[in-house]
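User: Please show me how to read a structure like this one, starting with its surface.

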Amino acid sequence: MIVLAKASSVSHMRNKIPWGTLKKVASGLFFLLVAYLLVTKARELEWHKIWSTFRETDPATLWLATGIGMACYLAYASYDLIGRKLFDVQIPAYKTMLAAWISYACNLNLGAIIGSVALRYRLYSRLGVKASTVTKIMGVSVFSNWTGYLMLAGGLFVTGAFTPPESWAVGDIGFRVLGAVFLALVAGYVGVCAFANQRTYRLRDREFTLPQLKIVAWQLATAAVHWTLMATVIYQFFHGELDFATVYIALLVSCVAGAVSHVPGGLGVLEAVFVALLAGELPRHEILAGVFAYRCVFYLVPLALTLPLYGIFETVLAKKSDPSTTP
């Protein structure tokens, strides 16, 4: 009787816990955290230098680079559409892309933990998507992005378009071999998807489904557009003094270095790689000026748009899709 009474008491206490209220409080706190981080990041920026850069740059170049940057963000957001298609997620495409767009801007400026992981879970949960499905969508996005990277970097490395500085431990032959390995990995992935006898595999408690070739083509095409547009943005700020392939390779190398360093936005890493690779092509101050202008357009302009977009998402768009708000 005592045991039954205790069990009944515990069950009664659990029923009394206001889970709905706690969830709303936690959601509000997360919203405030993201808003605080965005505002703090904005306050840390040296806006006088940013404004000076904008004044000294040709307006046509700024508008063109900004437009290309926005197109690049849309290309990145399209990665999540692939996951939406694969896992039959029943939310509108524009909301999927908006969630990915906001996450990308925060990922670049605040780091992967807040931007790519926590914020994505938050945004998709507000749209009624289960956490397990969000994990799958993120996995597809990351895999698509870096598979395309391997294809593009592999092609540039294996052809000898990239000549590493003499001080680097890996020389020209090493990068050609690395490029061949990259291309072999991509070819292996395409081949497995094309000729596999079955589509679904289990590894312990995880299930993996190989996409059809049309989805693979979608992944690689989206990645090619995304990386190429990103390189095109920064290319605008070197005023034709460098060839596009050189800028493209410098960007690809710097992005890997930034990802490995775990520094939000690759701050300092991007500049160091560009200076190391392009020192023989342009004066150091011109390289740094070009990279800084790129940061303004590709990182900071989207960051300035992110806070109001996030507010709109939370208060208007997500509310319509949140199951808890329906009568």
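Analyst: Accessible areas come from the Shrake-Rupley method with a 1.4 Å probe, and for residues only the protein chains shown count as cover. Here the protein chain has an accessible surface of about 17,500 Å², and 66% of that belongs to carbon and sulfur atoms. This is a predicted model: local features need pLDDT of at least 70, side-chain atom pairs count only at pLDDT 80 or more, and totals for chains, interfaces and linings use all residues. Residues are numbered from 1 along each chain as its sequence is written, and side-chain values use heavy atoms, with hydrogens and water left out.

User: How many helices and strands does the protein chain have?

Analyst: Helices (H or I, at least four residues) and strands (E, at least two) are DSSP runs, numbered from the N terminus. The protein chain has 12 helices and two strands.

User: Is helix α11 mostly covered or exposed?

Analyst: Buried means under 20% relative accessible area, exposed over 50%, and partly exposed in between (1.4 Å probe, protein chains only). Helix α11, residues 269-278, is mostly covered, with eight of its 10 residues buried. Among them are Glu 271 and Phe 274. In the protein chain, 44% of the 327 residues are buried.

User: At what angle do α7 and α9 pack?

Analyst: Two packed helices are described by the angle between their axes and the distance between the axes. Axes are lines fitted to C-alpha atoms, for helices over the stretch in contact (heavy atoms within 4.5 Å), and angles run from 0 to 180 degrees between N-to-C directions. Helices α7 (residues 131-158) and α9 (residues 213-235) pack at about 70°, with axes 8 Å apart. They are therefore roughly perpendicular (65 to 115 degrees). The contact includes Phe 143 and Trp 146 of α7 and Leu 220 and Trp 227 of α9.

Note on methods:
Angles under 35 degrees count as roughly parallel, over 145 as roughly antiparallel, 65 to 115 as roughly perpendicular and the rest as oblique.
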